Amino acid sequence: MLEEVKGSGAKGRITESDVQSFVKAVMAGTAQTSAQKAAAPAGAAGGGAFPGLLPWPKVDFEKFGPVERKDLSRIKKISGANLHRNWVTIPHVTNHDDADITELEAFRVQLNKENEKSGIKVTMLAFMIKATVAALKKFPEFNASLDGDTLVLKNYFHIGFAADTPNGLVVPVIRDCDKKGIFQISQEMSELAKKARDGKLGPADMTGGCFSISSLGGIGGTYFTPIINAPEVAIMGVCKSQTRPVWDGKQFAPRLILPLSLSWDHRVIDGAAAARFNVYFASLLADFRRIAL
Ligand code: CAO
């Protein structure tokens, strides 16, 4: 393995720190040993960045029936490589919870009626972004990134949201969400989502995020396990809200319940903190006045 380490010392000598940097890079998945390279053919489906892992199955699909071949889109290739690294290198855990958004949804509908002429549609996601900012302020380790053994805590609040486009998944970022109101966030989100669908997002639109939200609420589902968008340390997944009977102490009452799935990096966050984050986040959506406290 030593021959794979680049020496930075005199006449290319390998120093102790060269070896340490190489080992760190291999552990982080940004470099490979020759044994790893041999075990893992390059490419999206190559996989197997770990020694001893079986190579990707080679199947002659045509033998079983007619097939078509389609190259992955540029976005899928880039996001696939990122998702793969994040999935393999981050110890993910996902906590599920529910938020009662009965009153908040009624308020959202009322706001949209009142502001019909403004052309701005207030979305549930905008409320979730404001709730995220409040939760990040209360639990700062969720607004952080790992830099080696150091935790970088951020004093800014840029929130990304997953947007589904014909060419694949992108995550545009809304900056300084702590300084913006629901209308401005809704408007920026709709502009960024359009830019995303038109394939016009630039790097500046997709960098600097602190935390991401992936909402499948408009589509369906109950819970899922979102993959953390490195170098962020947590992501909130949201599915479709549904009216469910909820026991209020005396009777079952119909309540609109939003399913939440928070994935977090266990190197930085503990299960208790994640449960508290979810409980607090849900409490804000259940009674949005709490944001002002
Ligand atoms: N529960 C129930 N209904 C919901 C909801 C929820 N949680 N969230 C939104 N809706 C409804 C809205 O009320 C709206 O209904 P109407 O058309 O009747 O008004 C509809 O769904 C569309 O919602 P919206 O306009 O508010 O859009 P959005 O905020 O839900 O989504 C965006 C915007 C960009 C996030 C979305 O278009 C998108 O791309 N989602 C997919 C994200 C994704 O792919 N995540 C997975 C990543 S991992 O692969």
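This is a predicted model: local features need pLDDT of at least 70, side-chain atom pairs count only at pLDDT 80 or more; totals for chains, interfaces and linings use all residues.
**Entry 1: the whole chain**

I started with the overall picture. The chain has 293 residues, and 37% of them are buried. I went through the secondary structure next and found 8 helices and 11 strands. For overall dimensions I took the box along the principal axes, and the C-alpha atoms fill roughly 70 × 50 × 40 Å.

Then I looked up the surface. The accessible area of the chain is about 17500 Å², and carbon and sulfur atoms account for 57% of that. I also checked how far along the sequence the contacts reach. Of the contacts between residues at least 6 apart in sequence, 58% join residues at least 24 apart.

**Entry 2: around the ligand**

Which residues come closest to the ligand? I got K121, D164, S214, C239 and S241, out of 18 residues that surround the ligand. Sorted by class, this shell holds 8 nonpolar, 6 polar and 4 charged residues.

The side chain of S214 has an N or O atom 2.9 Å from a ligand nitrogen. C239 uses its backbone instead, with an N or O atom 3.1 Å from a nitrogen of the ligand. At G217, a polar backbone atom sits 3.4 Å from a ligand nitrogen.

How much of the ligand does the protein cover? On its own the ligand has 980 Å² of accessible area, and the protein covers 65% of that. I also asked which elements give two or more residues to the shell, and the answer is strand 5 (163–165) and strand 8 (211–215).

I moved on to strand 10, residues 242–247, and strand 11, residues 252–265. The two strands run antiparallel and are joined by 6 bridges. Looking across from Q242, I found I257 of strand 11 opposite.

The hairpin has 4 residues between its strands.

**Entry 3: V109**

My last stop was V109, which is in helix 4, residues 102–114. Is V109 buried, partly exposed or exposed? V109 counts as partly exposed because its relative accessibility is 36%, and that class lies between the cut-offs of 20% for buried and 50% for exposed.

I also took a distance from V109 to R290. The two residues are 181 apart in sequence, and their C-alpha atoms are 20 Å apart in space.

Key. Residues are numbered from 1 along each chain as its sequence is written. Side-chain values use heavy atoms; hydrogens and water are left out. A residue is near a molecule or strand if one of its heavy atoms lies within 4 Å of it. A polar contact is a pair of N or O atoms within 3.5 Å; within protein, one must be able to donate a hydrogen and the other to accept it, and residues adjacent in sequence count only if both atoms are side-chain atoms. Accessible areas come from the Shrake-Rupley method with a 1.4 Å probe; for residues, only the protein chains shown count as cover. Ala, Val, Leu, Ile, Met, Phe, Trp, Tyr, Cys and Pro count as nonpolar, Asp, Glu, Lys and Arg as charged, and the others, Gly among them, as polar. Buried means under 20% relative accessible area, exposed over 50%, partly exposed in between (1.4 Å probe, protein chains only). Contact means heavy atoms within 4.5 Å. Two strands pair if DSSP finds at least two bridges between them.
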